[in-house]
Amino acid sequence: MTAPWRILTLAPLGEDLMRHLFAPLADAIRLDFPATRDRAGLHAALPEAELIIGDFTGKLGLDAEAVALARRAAFFQMPSVGTDSVDGAALAAAGVPLANVAGANARAVAEWAVGAAFALCRHLAWGDRRVREGGWPQMELLARGPREIHTQRVGVLGYGAIGEEAARLFGALGCAVSYWSRRRRPEASAIYREPDDLLAVSDILVVALPLAPETAGLLDAGRLGLLPDGALLVNVARGGIAPDGAVLAALESGRLAGAALDVFEEEPPPAGHPLRAHENVLLSPHAAGGTGQAQINIISAVRDNIEAAVMGRPVTNVVNGVNPQIRRR
């Protein structure tokens with residue numbers, strides 16, 4: 001009789017939920033969980049793991065040392081679009097496919113980007129705070145220069161599933177939309193521009209790129225200085241693409257009139273971080289993709305890929321170039 005596949009779940013999801021999710025595979029799998037949610041617990045659980053479900057919070061990330069401990073690993077599934085908490089190159093060198101859930105939360109994140117842009121254009125959070133404090137800042141809000149979103153030129157950095165959906169939604173609102181991606185998309189409805197040209201014509205800049213060596217620090221002080229005066233930044237990607245210091249400097253200089261940040265260089269940012277206190281920053285706890293429908297999509301994608309691996313079918317959405325046919329080691 002074939003031994004059950006050992007599945008290690010690193011995501012902070014309830015054990016009952018995971019057992020229910022994989023109930024149809026009960027005879028073919030064994031579900032394992034780290035004894036403690038720290039580095040020691042992770043390292044202790046890895047040697048027997050064959051199929052690994054990653055931690056979307058990044059707390060139990062896999063560096064090269066952890067990959068070396070996962071000697072029996074045959075497949076690593078991230079329950080998120082981003083995979084920057086995992087050493088994909090180390091997994092590839094070990095012959096282990098790394099998959100994400102591309103597109104599962106694209107609509108949710110794109111809607112957050114549009115909603116955040118509305119909030120910045122109309123100073124909704126600022127007005128809400130003043131009224132809650134007992135004020136009635138009608139004229140002060142008008143003096144801040146509210147904008148109608150259809151008048152804004154929107155630039156989208158990154159044209160994966162999220163960037164494409166964001167471009168479509170902004171276009172439906174009447175915005176002139178341009179984009180840049182590392183791979184040009186002939187089918188795109190938006191206009192392609194090189195990065196510096198894109199920034200120069202973006203009243204609203206939406207960042208939807210994955211964090212990679214070539215995108216880390218892409219929006220430094222020099223690049224942000226290319227934006228039109230009073231531009232708005234919406235970051236739904238990773239904080240390391242637009243470093244906190246560069247964003248703060250652009251806000252202080254007036255180059256940025258506002259920023260909506262769902263992501264930060266350090267998550268959570270320290271309690272005294274200046275971004276937390278800045279009047280023109282809309283803050284969000286890395287939750288742009290956190291809708292009920294997106295979570296259903298993500299869980300379904302994870303379940304389907306684990307089932308494919310167990311049943312001998314190729315998995316989908318492999319991002320590190322390894323053959324998607326899973327084989328036991």
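Which residues have the most contacts inside the largest nonpolar core? They are F170, I204, L219, L233, V234, V236 and V247, and the core has 60 residues. A nonpolar core here is a set of buried Ala, Val, Leu, Ile, Met, Phe, Trp, Tyr and Cys residues joined through side-chain atoms within 4.5 Å. Buried means under 20% relative accessible area, exposed over 50%, and partly exposed in between, with a 1.4 Å probe and protein chains only. Helix α5 (residues 106-122) gives the largest share of this core, ten residues. In soluble globular proteins, nonpolar side chains tend to be buried together.

The model is a predicted one, in which local features need pLDDT of at least 70 and side-chain atom pairs count only at pLDDT 80 or more, while totals for chains, interfaces and linings use all residues. Residues are numbered from 1 along each chain as its sequence is written, and side-chain values use heavy atoms, with hydrogens and water left out.

The chain has 13 helices and twelve strands; helices (H or I, at least four residues) and strands (E, at least two) are DSSP runs, numbered from the N terminus. Of its 329 residues, 50% count as buried. The radius of gyration, taken over C-alpha atoms, is compared with a globule rule of 2.2 Å times the number of residues to the power 0.38. For 329 residues a compact globule would come near 20 Å, and the chain has 22 Å, which agrees. Its C-alpha atoms fill a box of roughly 75 × 50 × 35 Å, taken along the principal axes. Among contacts (heavy atoms within 4.5 Å) between residues at least 6 apart in sequence, 65% join residues at least 24 apart.

Helix α11 (residues 244-253) has D244, A246, V247, L248, A250 and L251 buried. The buried residues of α11 pack against α10 (221-224), β10 (231-235), β11 (256-261), α12 (274-277) and β12 (281-283). Leaving aside neighbours within four places in sequence, A242 is in contact with L219, N235 and V247. Just after α11, G254 takes a positive phi of about 90 degrees.

Some backbone geometry remains. Most residues other than glycine have a negative phi, and most peptide bonds are trans. The peptide bond from E267 to P268 is cis, with omega near -5 degrees; P268 is in the loop between β11 and α12. H286, in the loop between β12 and α13, has a positive phi of about 50 degrees although it is not a glycine. At 35% relative accessibility, H286 counts as partly exposed.

N317 also is not a glycine, and has a positive phi of about 60 degrees. N317 is found in the segment after α13 (292-311) and is partly exposed, with a relative accessible area of 34%. Not counting residues up to four places away in sequence, N317 touches L98, A99, N100, V101 and A102.
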